[in-house]
Amino acid sequence: MYHVPVLLEESVSGLNIDPDGVYLDLTFGGGGHSREILKRLKDGCLIGFDQDSDALANVPDDSRFIFVNHNFRYLRNFLRYCGYDEADGILADLGVSSHEFDEAGRGFSFRFDAELDMRMNQRSRLKATDILNTYSEEDLTRIFRNYGEVDNVRRLVDLIVKARTEKMITRSEEFLQVIAPCVPKQKEKKYLAQVYQALRIEVNGELEALEDMLKEAERALRPGGRLVVITYHSLEDRIVKNFLKSGNFEGKVEKDFYGHVKRNFELVNRKVIVPSEEEIERNPRARSAKLRVAEKRKDGKMIK
């Protein structure tokens with residue numbers, strides 16, 4: 001299967017679907033969430049986004065569905081291009097699809113020996129191998145510390161810089177051999193997941209794109225419209241949580257003269273929603289998922 005949708009019922013129900021409404025699935029992938037949304041639409045419209053061209057193979061033959069092969073950070077422009085001023089609901093299932101992880105040639109997983117690519121948009125230029133071989137020590141340190149939260153980051157960067165002076169690092173197997181001396185015993189998988197996450201985030205500009213998407217979604221939603229976001233690691237979850245709760249990415253609560261918080265969303269689920277043990281057993285990749293649902297203010301006033 002291309003990708004098993006995570007928290008399917010919880011996320012789609014969170015949209016509070018109007019059968020005649022306009023909805024956006026910002027991470028179409030295998031189309032699991034989209035197909036469930038389409039089941040609940042009558043004369044409405046669903047616009048699916050995915051920058052990965054491989055997702056084209058999963059597009060449903062449905063006149064109510066429009067596919068956009070671009071990054072979700074431009075959602076408002078494409079919403080207008082499709083003939084709509086506002087959306088009734090927006091869903092984003094962040095992270096990497098199972099297909100991208102399992103397709104060896106894409107370079108997303110340390111389980112396979114492949115070129116260190118990691119591009120979600122295969123038309124973009126920057127690859128993970130470019131980062132490893134051309135970025136300065138300072139930039140490599142920043143990436144692995146900020147995006148991977150790697151503990152022994154200086155040792156890691158030293159090994160990379162030394163190795164690349166002798167030979168370019170282009171494939172997973174080469175890279176794993178280079179960094180083997182700093183990989184903690186008994187924690188190999190967790191450590192490598194952090195390292196690969198850092199490279200992937202930099203290659204795809206994921207955190208910047210997420211911030212752009214949230215600001216665009218805020219503008220695109222009609223009053224009363226729902227925003228549903230599934231996150232998979234602390235970096236992206238912190239961004240989403242801060243934005244929904246405080247209206248900014250720093251989490252700094254700002255109030256007006258009357259004590260009203262300056263934000264445009266009301267949280268629907270005060271407590272984050274996580275997968276059940278049954279779902280995790282069926283789909284282990286759902287383990288770290290967190291679902292947040294928020295509704296745009298109907299009256300346009302600040303929330304007390």
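**Exercise 1.** Is S172 buried or exposed?

*Solution.* The model is predicted, so local features need pLDDT of at least 70 and side-chain atom pairs count only at pLDDT 80 or more, while totals for chains, interfaces and linings use all residues. Residues are numbered from 1 along each chain as its sequence is written, and side-chain values use heavy atoms, with hydrogens and water left out.

- Step 1. Buried means under 20% relative accessible area, exposed over 50%, and partly exposed in between (1.4 Å probe, protein chains only).
- Step 2. S172 has a relative accessible area of 1% and is therefore buried.
- Step 3. S172 belongs to helix 8, residues 172-179; helices (H or I, at least four residues) and strands (E, at least two) are DSSP runs, numbered from the N terminus.
- Step 4. Leaving aside residues up to four places away in sequence, S172 touches S109, F112, D113, A114, L116 and Y196, where contact means heavy atoms within 4.5 Å.

**Exercise 2.** Determine how exposed D139 is, and how far D139 lies from V157.

*Solution.* 

- Step 1. D139 is found in helix 6, residues 137-146.
- Step 2. With a relative accessible area of 31%, D139 is partly exposed.
- Step 3. D139 and V157 are 18 residues apart in sequence, and their C-alpha atoms are 9.7 Å apart in space.

**Exercise 3.** How many disulfides are there?

*Solution.* 

- Step 1. A disulfide is counted as a pair of cysteine sulfur atoms within 2.5 Å.
- Step 2. This rule gives 0 disulfides.
- Step 3. For C45, the nearest cysteine sulfur is that of C82, 6.7 Å away.
- Step 4. C45 is buried at a relative accessible area of 6%, and C182 is buried at 5%.

**Exercise 4.** Which strands pair with strand 7?

*Solution.* 

- Step 1. Two strands pair if DSSP finds at least two bridges between them.
- Step 2. Strand 5 (residues 221-231) runs antiparallel to strand 7 and is joined to it by 6 bridges; T231 stands opposite K290 of strand 7.
- Step 3. Strand 6 (residues 265-267) also pairs with strand 7 in the antiparallel sense, over 3 bridges, and F265 stands opposite K296.
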